[in-house]
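Here is a short report on one protein model. Please keep the structure in view while reading.

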Amino acid sequence: HDTPISDTGFQHIAKLRRIERLGFGDTKVSDRGMTVLANLSDLSNVSFGRDQVTDTGMKYLSGCKNLTS
């Protein structure tokens, strides 16, 4: 947690196709950055807070079919 990552940096997570868990907080990630999560089919757990993500950004998690929490 507590990382200065932004939407631009978050794009690198898209390369981690087999990632199962992701946690981040105190970031500059916004709805635009959340688009990278939609293609991470193995993602089962995401935790984050104190960022710029709204309900619009949360919709991208619907592509994560293994997501449980």
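Three salt bridges are found in this predicted model.

| Salt bridge | Distance |
|---|---|
| Arg32 and Asp7 | 3.7 Å |
| Asp42 and Arg18 | 3.7 Å |
| Asp26 and Arg50 | 2.6 Å |

Take the bridge between Arg32 and Asp7. Arg32 is exposed, at 56% relative accessibility. Asp7 is buried, with a relative accessible area of 8%.

Next come Asp42 and Arg18, which meet in a salt bridge through their side chains. Asp42 sits in the loop between H2 and E2, and Arg18 in the loop between H1 and E1, so this pair ties together parts 24 residues apart in sequence. Asp42 is partly exposed at 25%. Arg18 is exposed at 70%.

Asp26 and Arg50 form another bridge, with their closest N and O atoms 2.6 Å apart. Here, too, loops are joined: Asp26 belongs to the loop between E1 and H2, Arg50 to the loop between E2 and helix H3 (55-58). Asp26 is partly exposed, with a relative accessible area of 35%. Arg50 reaches 64% and counts as exposed.

Asp7 also has a contact with Ser30. Ser30 lies in the loop between strand E1 (21-25) and helix H2 (31-34). Is Ser30 buried or exposed? Its relative accessibility is 16%, so Ser30 counts as buried. Leaving aside residues up to four places away in sequence, Ser30 touches Gln52 and Val53 as well as Asp7.

Helix H1 (residues 7-10) also holds Gly9. Gly9 is partly exposed, at 24% relative accessibility. The C-alpha atoms of Gly9 and Gly33 are 8.6 Å apart, although 24 residues separate them along the chain.

Now the aromatic rings. There are two aromatic pairs. Why does the pair of Phe24 and Phe48 count as stacked? Their ring centres are 5.0 Å apart and their planes stand at 5 degrees, so the pair is stacked. Phe24 is in strand E1 and Phe48 in strand E2 (residues 45-49), 24 residues apart. Phe24 is buried at 3%, whereas Phe48 is partly exposed at 27%. Ring pairs join Phe10, Phe24 and Phe48 into a cluster.

Phe10 and Phe24 also belong to the largest nonpolar core, which has 15 residues. Along with Leu22, Met34, Leu37 and Leu43, they touch the most other members. The contacts of Leu37 include Phe10, Leu22, Leu43 and Tyr60. Leu61 and Cys64 are also among them.

Definitions and conventions:
Residues are numbered from 1 along each chain as its sequence is written. This is a predicted model: local features need pLDDT of at least 70, side-chain atom pairs count only at pLDDT 80 or more; totals for chains, interfaces and linings use all residues. Side-chain values use heavy atoms; hydrogens and water are left out. Helices (H or I, at least four residues) and strands (E, at least two) are DSSP runs, numbered from the N terminus. Buried means under 20% relative accessible area, exposed over 50%, partly exposed in between (1.4 Å probe, protein chains only). Contact means heavy atoms within 4.5 Å. A nonpolar core is a set of buried Ala, Val, Leu, Ile, Met, Phe, Trp, Tyr and Cys residues joined through side-chain atoms within 4.5 Å. Rings of Phe, Tyr and Trp (its six-membered ring) pair if their centres lie within 6.5 Å; planes under 30 degrees apart count as stacked, over 60 as edge-to-face and the rest as tilted. A salt bridge is a side-chain nitrogen of Lys or Arg within 4 Å of a carboxyl oxygen of Asp or Glu.
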